[in-house]
Amino acid sequence: MNIKRRTLNIALALAASICAALPVLSGHPGALEAVAVLGAAMASGCLAWRARGPVGIDRGPAKVDLEPGHDEGLAPLLLGVLPVWRRHVGAVKGQTEEAVNRLARSFASITEQFDAAGFKGTNAAAVDGDAATMSLLTLCERELQPVVNCMKGILDSKGALVSSVLDLSRATMELQGMASGVSHIAAQTNLLAINAAIEAARAGDAGRGFAVIAKEIRSLSQESAKTGKLITERMAEVAQIMKVTVLSANIASEHDQSAIDLSANVIEDVLSHMRELNNNAESMSTQGAVIRSEIDSLMIGLQFQDRVSQLITVIDADIGRLAGELEQARPLPQADAWLDDLQRHYTMPDQRQPSASHRAAGVTPPAAPAAAKAIFF
Amino acid sequence: MAKTILIVDDSSSLRVVVKLALVRAGFDVIEAGDGKEGLAQLAKAPKVHLIVSDVNMPNMDGITFVSQLKQQAKFKFTPVIMLTTENQDTKIQQARAAGAKAWLTKPFDPAQLLDAVSRLVLA
């Protein structure tokens, strides 16, 4: 195998490597198109050249003999074309990296805005937030219910006070009755003293001392009558005051009951709003979990650029190596040796595994792997 | 106070993705584009609680970075997660010998990364 044939085989292998990047790009039309065009250009150029001469190609989908002399210009052609390919490879790498960077940063910004809007989902911060909402609700119920109970206790105490005032009012009525009794006794005593004075007068000198006593008794009964009258009047005033007090206490109790009922309703409304808020938070949390799951999937998808970059870096370096060998006019190794060397630069398992069967252009290697489990040392 | 994590990766888009996952979980993040830059960042950062490093990088690869890091007493117990497309056993063993604590293959699931980070940061 002469140098041209080896060069051709190596160039074909590079085209196959470009094509190997295509599955990694599936789902990313822009990058896919760019790499596909480049890979197709390289492959078609090599295959067209191979079809023109008798140089046997020992690896690949077709074996075509090239006419002698037709491959003389292959090295100069590749020397001219390889830098262009490298430039295009570099452009693909640069453009995909820049586009994905922009995409990733925009996506990060959108995610931050979602988080700020409360759609954090099930991450630690969101769980803390949910716990805070729950704890606030529990706290409100725990703190507000005793306030209502306390107000009810105050109302009960006021009821007891009103009841005591009513008892006092009844006792006042009894005292009024007793004061009337005193007045009645005084009147009777007065009447008795008058009769005694009459009888003393009838007794003449013998009844004169008794007449003095009867006069004093009459005087005392009149004083008792005055005092009884005063007590009755004062008791009537007290009874009126007690009546007004009881009335005021009853009105105050009714107002207190209304205020407590209103407070209890307001507290229940507040707790109801809190519960509703909590339900909304739970709903947002559920929606957030869905969004978060989608975000995680997108974050896996966005990693394609890193894989493409590594694939293209290896290809770019290998094109450079081929160009360097041609410039130096050194004897090229067999394609197998070249590919084995190329394989040493592979960094991903899906680059290595299909290499033997995918060295020829047009064969599709498996898609990029799914996320693997972590290994802990 | 949020814990700080250094991401060392030559792919800026990958750094954005890793940073997004970590920031959402409440971590502070600083970045470096290769091992050399990573060492420079560590020299000036007040405290780094964990490092997430790629393996294949220009200037200084991830395994050399971890080796040099572990020679410094200050970072002897700083856990390192290797986050890479590589899965060759020889590379994994090299990373382990250099002092890395975990190996996670790209593409990574953010939940798996956060699980690994939590286990190592809280350990």
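**Stop one: a helix in chain B**

Select H1(B) and look for its buried residues: B:Ser12, B:Ser13, B:Leu14, B:Arg15, B:Val16, B:Val17, B:Val18, B:Leu20, B:Ala21, B:Leu22 and B:Arg24. Buried means under 20% relative accessible area, exposed over 50%, and partly exposed in between (1.4 Å probe, protein chains only). Because 11 of its 13 residues are buried, H1(B) is largely enclosed by the rest of the structure. Helices (H or I, at least four residues) and strands (E, at least two) are DSSP runs, numbered from the N terminus. After H1(B) comes B:Gly26, with a positive phi near 95 degrees.

A quick note on the model: it is predicted, so local features need pLDDT of at least 70 and side-chain atom pairs count only at pLDDT 80 or more, while totals for chains, interfaces and linings use all residues. Residues are numbered from 1 along each chain as its sequence is written, chains are lettered from A and ligands numbered from 1 in the order in which they are written, and side-chain values use heavy atoms, leaving out hydrogens and water.

**Stop two: two loops in chain B**

Next, pick B:Asn59, in the loop between strand E3 (50-53) and helix H3 (62-70) of chain B. B:Asn59 isn't a glycine, yet its phi is positive, about 65 degrees. Its relative accessibility is 63%, so B:Asn59 counts as exposed.

Now jump to B:Pro107, in the loop between strand E5 (102-105) and helix H5 (110-122) of chain B. The peptide bond leading from B:Lys106 to B:Pro107 is cis, with omega near 0 degrees.

**Last stop: chain A**

Finish at A:Ile213, in helix H5 (residues 208-301) of chain A. With 47% relative accessibility, A:Ile213 counts as partly exposed.
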